[in-house]
Amino acid sequence: METARPASLASPETVGVTSPGGSSPFVLTCDHASNFLPPEFGTLGLAAEELSRHIAWDPGALPVARRMAAALDATLVETRISRLVVDCNRPLDAPDLVPPVSESTAIPGNAGLSEKQLAARVARCWQPFHDAVADIIDKRLARGLETRLVSIHSFNPVYKGMSRPWHIGIIHDEDRRLAAPLVAALQRLAGVTVGVNEPYSPADRVYFTLERHARPRGLPCAMIEIRNDEISDEAGQRKWADLLTGIFLDLEPGEARSSRPSAVGKSVQSAS
């Protein structure tokens, strides 16, 4: 299903890139930044109010990511179409790449899609996003720039009747070069409950963007999940963006390295 497609062909409606030449070692992604549905999809059979729910996007995540990117002079890649059309943080063979049900809500417009319809959604949204991320990283690595990939997400305080006590979660796999200092810094904050691989872990298939772009290139990476009631307004968004920015600025280059040969990583042209 996947086809090679230059990032330069990505429509501004599909993917947004802020500060492509950013000086920070951090490259940020916001994989579920928008609840926008292009006109041809209508409302996917949902009532309009459903599209403001977490099923359509990660509320609050984009303002946090944008403020962090501005403060750090970091590159940010954001999606501009709802994950209900296609989820850019899922592999192409995932059953919820185009979710027929999100949480407990059926998505009528996603039922019974043909292979051609599915491929068109991938080409419209998924492919341009991943092409843009790959293009940015490979250009940085070609210049010898240290690069660390961080995805910014938000999560519901209650999911399928279960309360989630964490204010923020750091998601990581066996590579803890970036996650470990992030967790340590957050755990030093009074009144902040930190989830480590909570409320999700890579086993929940939520780590795809990092698996695709960071791991093959040997880059330090982590996924940040902020509880969305913490960032439901500008004050909360500013609080968490500034807090995380301060932590990131305190991470000296050596802290994100281990005994592995290089934290800068290597270019993987085939990953796009």
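With which residue does Arg 53 form a salt bridge, and how far apart are the closest N and O atoms? I looked this up before anything else, keeping in mind that the model is predicted.

**Entry: Arg 53 and its partners**

I found that Arg 53 forms a salt bridge with Glu 103, with 3.7 Å between the closest N and O atoms. Arg 53 sits in the loop between β2 and α1 (61–72), and Glu 103 in the loop between β4 (101–102) and β5 (105–106), so the pair ties together parts that are 50 residues apart in sequence. Arg 53 has a relative accessible area of 28% and is partly exposed. Glu 103 is also partly exposed, at 24% relative accessibility.

I noted a salt bridge between the side chains of Arg 53 and Glu 50 as well, at 2.5 Å from N to O. Glu 50 counts as partly exposed because its relative accessibility is 22%, and buried would require under 20%.

**Entry: other salt bridges**

I counted 21 salt bridges in the model. One of them joins the side chains of Arg 227 and Glu 230, at 3.8 Å from N to O. Are these two residues buried or exposed? Arg 227 is buried, with a relative accessible area of 12%. Glu 230 counts as buried too, at 18% relative accessibility. I also recorded a network in which salt bridges with shared partners join Asp 87, Arg 90, Asp 96 and Arg 205.

**Entry: the sheet**

I traced an open sheet of seven strands with mixed pairing, in the order β1-β3-β2-β6-β11-β9-β10. Which strands are at the edges? They are β1 (15–18) and β10 (194–196), each of which pairs on one side only. On average, neighbouring strands of this sheet are turned by 20 degrees against each other, direction ignored.

Strand β9 (residues 168–171) pairs with β10 in the parallel sense, over three bridges. Ile 170 has Val 196 in β10 as its bridge partner.

I then turned to helix α2 (residues 115–142). Helix α2 lies across β1, β2 (26–30), β3 (75–79) and β6 (148–155). The helix runs at about 170 degrees to β3.

**Entry: nonpolar cores**

I listed 41 residues in the largest nonpolar core. Which of its residues touch the most other members? They are Val 77, Leu 84, Leu 97, Trp 126 and Leu 149. The elements giving two or more residues to this core are α2, β6, α4 (208–213) and β11 (221–227). Helix α2 supplies the largest share, 10 residues.

I followed up Leu 84, leaving aside its neighbours within four places in sequence. The contacts of Leu 84 include Leu 44, Leu 46, Leu 51, Ile 55, Val 98, Ile 107 and Arg 121.

I found a second, separate core of 35 residues, and among its members are Met 68, Ile 168, Ala 241 and Ile 247.

**Entry: aromatic pairs**

I counted two aromatic pairs. Why is the pair of Phe 26 and Phe 248 stacked? The ring centres of Phe 26 and Phe 248 are 4.4 Å apart and the planes are at 25 degrees, so the pair counts as stacked; the cut-off for stacked planes is under 30 degrees. Phe 26 belongs to strand β2 and Phe 248 to helix α5 (residues 234–250), and the pair links distant parts of the chain, 222 residues apart. Phe 26 and Phe 248 are both buried.

Notes. Residues are numbered from 1 along each chain as its sequence is written. This is a predicted model: local features need pLDDT of at least 70, side-chain atom pairs count only at pLDDT 80 or more; totals for chains, interfaces and linings use all residues. Side-chain values use heavy atoms; hydrogens and water are left out. Two strands pair if DSSP finds at least two bridges between them. Helices (H or I, at least four residues) and strands (E, at least two) are DSSP runs, numbered from the N terminus. Axes are lines fitted to C-alpha atoms, for helices over the stretch in contact, and angles run from 0 to 180 degrees between N-to-C directions. Contact means heavy atoms within 4.5 Å. Rings of Phe, Tyr and Trp (its six-membered ring) pair if their centres lie within 6.5 Å; planes under 30 degrees apart count as stacked, over 60 as edge-to-face and the rest as tilted. Buried means under 20% relative accessible area, exposed over 50%, partly exposed in between (1.4 Å probe, protein chains only). A nonpolar core is a set of buried Ala, Val, Leu, Ile, Met, Phe, Trp, Tyr and Cys residues joined through side-chain atoms within 4.5 Å. A salt bridge is a side-chain nitrogen of Lys or Arg within 4 Å of a carboxyl oxygen of Asp or Glu.
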